[in-house]
Amino acid sequence: MTTSKPDKVEEIRKAAERLDAEARSTDELMLGITQLLNERMLKYNWVGFYMLEPGADPPMLVLGHYKGAMTPHTRIPLNQGICGAAASTGKTVVVDDVTKDSRYLACSLETKSEIVVPVFKHGVVAGELDIDSHFPAAFGLEDRELIEYCAGLVGKSLEGKQGKTS
Ligand code: SME
């Protein structure tokens, strides 16, 4: 394998763009992104979307498409977990060592690090893209930018910029 990391990241970014161009709905785009990132990025062992339940009071994150082991956390309130932290602040959260973060809700004993990136629709958090790794500190700047890019594609799709309605 001679591909350097930035080349690989660029390749995945282009693949995500193609998925976006070809997807007939946001749902299909989210499914494609979970598959792409889980299959092509060695350290992305669990990749999934949590979306805010429409009209829920208090707000609730609900598990959508995901690739990886089953998780007990299918519904997460905004005051719980790394997921709740990212959605309530609207900021990407990167945790290099999940054992050192008291907010962490365990999904798998193998998980060592995690990143959660909010998905924005018209500037408001609509959900998030959550990725767990079996490797500590798996998410560097390149990873963060790639994952934020993918979350951005979903946000734009939700806004219907490409004629997608769901
Ligand atoms: N670890 C997350 C919960 C979701 S699982 O990782 C799939 C959290 O702390 O919010």
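Let me begin with where the ligand sits: the space it takes up is the largest cavity. Keep in mind that this is a predicted model.

What is around the ligand? There are 13 residues surrounding it, and the closest are Ile82, Cys83, Leu105, Glu114 and Asp132. Sorted by class, that shell has eight nonpolar residues, three charged ones and two polar ones.

Next, which elements supply the shell? Strand E1, residues 46-52, helix H3, residues 81-89, and strand E6, residues 124-133, each supply at least two of its residues. The largest share is from H3, with three residues.

An oxygen atom of the ligand is 2.8 Å from a polar backbone atom of cysteine 83, and a nitrogen atom of the ligand is 2.8 Å from a polar backbone atom of leucine 105. With glutamate 114 the side chain takes part: one of its N or O atoms is 2.9 Å from a nitrogen atom of the ligand. As for cover, the ligand on its own has 300 Å² of accessible area, and the protein covers 100% of that.

Last, the salt bridges. Side chains of opposite charge can pair when their charged atoms come close. The structure holds eight salt bridges. One of them joins glutamate 10 and lysine 14, with the closest N and O atoms 3.4 Å apart. Both residues are in helix H1, residues 5-22, and because they are four residues apart there, about one helical turn separates them.

That is the end of my part.

Definitions and conventions
Residues numbered from 1 in each chain as written. Predicted model: local features only at pLDDT ≥ 70, side-chain atom pairs only at ≥ 80, totals over all residues. Heavy atoms only, no water. Near = heavy atom within 4 Å. Polar contact = N/O pair within 3.5 Å; in protein donor to acceptor, adjacent residues only side chain to side chain. Areas by Shrake-Rupley, 256 points an atom, 1.4 Å probe, with all protein chains shown as cover. 1 Å grid on protein atoms, 1.4 Å probe; cavity = no way out; pocket = protein on both sides within 12 Å on 5 of 7 lines; lining within 4 Å. Sits in = over half its atoms within 2 Å of the grid points. Nonpolar A, V, L, I, M, F, W, Y, C, P; charged D, E, K, R; others polar. Salt bridge = Lys/Arg side-chain N within 4 Å of Asp/Glu carboxyl O.
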